[in-house]
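Reader: I would like to go through this model feature by feature. Please give the general idea first, then the case at hand.

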Amino acid sequence: MALKDTGPDLGDKIAALITSGSAPPEQVQRIKLQWEAIGSVIVNHFIDNLEIKAGIPVSTTGSPSAQTGSTTGTGKTA
């Protein structure tokens, strides 16, 4: 799963957990917007700092020439 642009969704889920059903709508909206921004900061931090290590086993299926192996270098997430 790509992480890019999932921060607001993360924020919405957190806001839904912490807001009361009896809270005024304008307060709920402020909390939601704040947590969308916080969620974006968290997701962007992971994207900017996550490094995939070399040597992760990989394989392909579906053809006679399918092969197995491992990653040969580090990579970044998207």
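**Reading the features**

Author: Start with a loop: I56 lies in the loop between strand 1 (51–52) and strand 2 (57–59). Strands (E, at least two residues) and helices (H or I, at least four) are DSSP runs, numbered from the N terminus. This is a predicted model, where local features need pLDDT of at least 70 and side-chain atom pairs count only at pLDDT 80 or more, while totals for chains, interfaces and linings use all residues. Residues are numbered from 1 along each chain as its sequence is written, and side-chain values use heavy atoms, with hydrogens and water left out.

Reader: Is I56 buried, exposed or partly exposed?

Author: Buried means under 20% relative accessible area, exposed over 50%, and partly exposed in between (1.4 Å probe, protein chains only). I56 has 37%, so it counts as partly exposed.

Reader: Which residues form a nonpolar patch with I56?

Author: Patches take residues with over 30% relative accessible area and no salt bridge; nonpolar side chains (Val, Leu, Ile, Met, Phe, Trp, Tyr) are joined within 5 Å, like charges within 9 Å. Areas come from the Shrake-Rupley method with a 1.4 Å probe, and for residues only the protein chains shown count as cover. Here L50, I52, I56 and V58 form the surface patch, with about 280 Å² of accessible area together.

Reader: How many salt bridges does a search of the whole structure find?

Author: Side chains of opposite charge can pair when their charged atoms come close. The criterion is a side-chain nitrogen of Lys or Arg within 4 Å of a carboxyl oxygen of Asp or Glu. The search finds 1, and K13 and D9 meet in a salt bridge at 3.4 Å, N to O. K13 is exposed at 52%, whereas D9 is partly exposed at 41%.

Reader: What is the nearest side chain of opposite charge to E36?

Author: Lys and Arg count as positive, Asp and Glu as negative; His and the chain ends are not counted. For E36, in helix 2 (residues 25–49), that side chain is K32, 4.2 Å away; E36 is buried yet has no salt bridge.

Reader: Which residues is E36 in contact with, leaving aside neighbours within four places in sequence?

Author: Contact means heavy atoms within 4.5 Å. With those neighbours left aside, E36 is in contact with G7, P8, G11 and D12.

Reader: Where is A15 found?

Author: A15 is in helix 1 (residues 7–18) and is buried, at 4% relative accessible area. Beyond four places in sequence, A15 contacts I31, K32 and W35.
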